[in-house]
Amino acid sequence: MRSLGSVKIISLSSTLLLTACLSEKLSAPPTQSIAPEIQRRLAGSRYTGAVAVRSVIQSDKGSKQFLGESPNLAHAAHITVDAINGPRFDLTSGLNFIRPPKGGIYTLNATPYIDYKLTFYCYQGGELIGLIKDVEVTSIEQVSEGGGGHLGSHTGLKPVGDNNPSFGVTDGAGEFVSRYTSGPVSGDERSDVSYVVRDPTSPCIGEAGVKTYYNATRWEGLVRLQSTSTLALCCLTSNHSDIFYVRPDVAAAAQLAGDLFVQQVPGSPALNVSAASLIYGGVEDVYNNWSPPHFEHRIATDLDLVGPTTRHKMLMRIKNAGERAHFPDCQPESAGTSNAHTHCRYHLYK
Amino acid sequence: MTRQMHAQRLSIPTQLARHWIALFASIFCCSSLALAQVGDTSNVTYPGWKSSDKVNPLISVVVAYDSVLHAYSYGYTVANGGSAAQSIDQIDLDFTGPTMAGLAPATWDVWLSQPIGGRAGATFSSFGDDYTTTAQGLVPNPGTDLILPGESKSGYSISSLYPPGYSRSYTRGYAAVPLLPDSSPPVIKPRDTTDSQRGWTLGPTRYTRIITEGTQEPTDLARTNRFLKFMNVDTLGTVLRAPAVIAVKFDNTSGDFPIRASFRALLNGVDVTSLFHPGPADGADLVALFELGAGKPLVVGTNTLKTYVTGLPSTFGPNIIPSPVDTDTIIFSVDVTP
């Protein structure tokens, strides 16, 4: 009777939001638990400082046992971080792209993606038997794990990314290749990979199961605006508790705009920020429904600014302060309403 | 912003008016419709957008120096040529010197932007406060007292401790552009500094760079060459607009002692020493404006400025002349091309 081995999925997991991926190739032996090591090395990696996407290590739940698996079998998988076609570091953006989002990282409604591959190995009694060449992936289900600053109840399910293909069989090299395309909403997700081993030469033949790995959609490196004597955070117009995250350079420009605004007119009160971005960017659904009206405010380069009045002259005065603070464009919005404000954008979308 | 805006500004006490020295009164910045328009707008995606550069501004400025307050005032008059198709509702001035106060005509506003990291300068504007609903959306109403084609308006002024220098001007007209709804995706349109009539005028300037120590005359000691330095012109080849601005700084780094009171200047052989006025220590020490005109030494084309400063060296010795002189010759051109 053939003893059943266990299957480990070696996957390349990655981080998302405008995509990115781990670029390091790790070569620890498959039986070692190296997930913590990977986390440590990546935590202090090149992604500090400039806006960058951090990779989230894949890890399996650890609680799932495989049929025939020895109880003392190490579950931590050997993780190879191999991007298809190799990672490419974008010197301009500071982001590590596998491929850049279509149209560039500042393209509105960009749907960044990452190509990855799943590779299956058979273990028996804790020992690596080898690569499994014929595995059927019956489904890859993407599930929301929350996060992203979306607090409170929302209407409908949180949009998640898409794996395409989400089913199929491994290729001649024993790899299942797919493409993950992120949705517009930031936050954490998991991928539940259902598989069946078909390889007749593998001791793991017939084994079926579900492996889970975790990923995230986020724009990292953001900082929270701070209230000062010239720049205040107020007038929250969103159902989220904190929408005051921006890129560090945008934070500096915002403070400068506040300083200039106050100096424009003697005795002026502070300039107010009523909206920036969520902690990890993405759609800022002010109505808790995962949808616009905010088409912008997704990559932490947009600010809604409010003065002591909502009259047009005040909106134009804010525009003047913002553009003199090096925001390329500022325009009145919601004019004629109690929510009138001036929207300043640090980057101009294509 | 209300009519009182213009009266809120710090006013120079009238009893000091007699100490004002009018440095300069002349038409300076001549923008024309042939100059610096918005350019190619074929890629504009803004629904209902119209350019705001259809004005024909002529900005003249009077710069005056108060010898008691050691401050400068800049009084602007803005004319809109008869060929303009829009009324002027905004004048942006970019300059580097801090300002103390600003004044604007009734119904106009003045916003001062200090040099703290952004684009410093001043903005004079006359915007309406309400909107008119149109088929394309809300259109801001115009201000009540714009500068119509064929008209001019004065009463725009700023005061500063800093002497004059060239200031970039951006003049815009009222174009009745509808505002975009919040649900509108981002659009492409020119920046306001592009969508304007651009020109030059004068504004408070903090000179920060030393361009040259001037010429080393054969009769001067080498060490005296640094007594006087020039902050906006080189010894040869600089082209200035009219009026020509010359900014100088006395040596304060070598340990020697230039005697500022000994400073003399000749422009094309004419003594122009009295046209130099002081500035704060963190900028130019002396700045002069030379305008064109009958009886004035500045000419279009090549001009020669000779300066003289004497001083005391930091160390004395038997072989050191007690009063060395720094003589400099600056040859510059004046161009009146718009």
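The model is predicted: local features need pLDDT of at least 70 and side-chain atom pairs count only at pLDDT 80 or more, while totals for chains, interfaces and linings use all residues. Residues are numbered from 1 along each chain as its sequence is written, chains are lettered from A and ligands numbered from 1 in the order in which they are written, and side-chain values use heavy atoms, with hydrogens and water left out.

**Stop 1: the largest pocket**

Select Glu296(A), Glu333(A), His343(A), Arg345(A) and Asp182(B), the lining residues that lie nearest the centre of the largest pocket. A pocket here is an open set of points on a 1 Å grid over the protein atoms alone, where a 1.4 Å probe fits, with protein on both sides within 12 Å along at least five of seven lines; lining residues have an atom within 4 Å of a point. The volume is about 540 Å³, taken as the space filled by probe spheres set on the points, which are joined across faces, edges and corners.

The lining has 35 residues: 17 nonpolar, 10 polar and eight charged. Charged means Asp, Glu, Lys and Arg; nonpolar means Ala, Val, Leu, Ile, Met, Phe, Trp, Tyr, Cys and Pro; the others, Gly among them, are polar.

Next, colour β19 (329–333) and β20 (341–345) of chain A, each of which supplies at least two lining residues. β19(A) gives the most, with four. Strands are DSSP runs (E, at least two residues), and helices likewise (H or I, at least four), numbered from the N terminus.

**Stop 2: between the chains**

Show the residues in contact (heavy atoms within 4.5 Å): 39 of chain B and 33 of chain A. The buried area is about 3100 Å², 54% of it from carbon and sulfur atoms; this is the accessible area (1.4 Å probe) lost on putting the two parts together, summed over both.

There are six salt bridges between the chains, each a side-chain nitrogen of Lys or Arg within 4 Å of a carboxyl oxygen of Asp or Glu. Zoom to Lys319(A) and Asp192(B), whose side chains form a salt bridge at 3.0 Å, N to O. The side of chain B that touches chain A has 16 nonpolar, 12 polar and 11 charged residues.

**Stop 3: Thr215(B)**

Thr215(B) sits in the loop between β12 (197–204) and β13 (228–230) of chain B. Beyond four places in sequence, Thr215(B) touches Asn225(B), Thr235(B), Asp326(B), Thr327(B), Asp328(B) and Thr329(B). A polar atom of the Thr215(B) side chain lies 2.9 Å from the backbone nitrogen of Thr329(B). Finally, select Leu236(B), 21 residues along the chain from Thr215(B), with 9.6 Å between their C-alpha atoms.

Technical notes: A polar contact is a pair of N or O atoms within 3.5 Å; within protein, one must be able to donate a hydrogen and the other to accept it, and residues adjacent in sequence count only if both atoms are side-chain atoms.
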